[in-house]
Amino acid sequence: VTTDANDFMRPLHHRMPVVLEAGTAGEWLAGSTTLLDDVSGITPELQAWPVDRRVNNARNEGEDLIVASGDILR
């Protein structure tokens, strides 16, 4: 499930995943029709960081692909 990007994600992409914390996941699974009305109000603080360009090739695998190669963005 995706939504419009929030202020943090907008410079990176115009869409972002809906992120549900444990307390709101139960509501979603129970069929809440209003939970996603204000996604920005339930989205936890996000972080991003640059990664190695090898991540762009699906043939590359390994945890080393997500090691930060620059400063963490908040």
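## Basis of the model

Contact here means heavy atoms within 4.5 Å. This is a predicted model, in which local features need pLDDT of at least 70 and side-chain atom pairs count only at pLDDT 80 or more, while totals for chains, interfaces and linings use all residues. Side-chain values use heavy atoms, with hydrogens and water left out, and residues are numbered from 1 along each chain as its sequence is written.

## Alanine 68

Alanine 68 lies in the segment that follows helix H2 (39–42), helices being DSSP runs of H or I with at least four residues, and strands runs of E with at least two, numbered from the N terminus. Leaving aside neighbours within four places in sequence, alanine 68 is in contact with Trp49 and Pro50; the C-alpha atoms of alanine 68 and tryptophan 49, which are 19 residues apart along the chain, are separated by 5.8 Å.

Because its relative accessibility is 40%, alanine 68 counts as partly exposed (buried means under 20% relative accessible area, exposed over 50%, and partly exposed in between, with a 1.4 Å probe and protein chains only).

## Threonine 24

Threonine 24 sits in helix H1, residues 22–29, and is buried, since its relative accessible area is 15%. When residues up to four places away in sequence are not counted, threonine 24 touches Leu35 and Ile42.

## Valine 1

Valine 1 is placed in the segment before strand S1 (2–4), and its relative accessible area of 62% is why valine 1 is classed as exposed.
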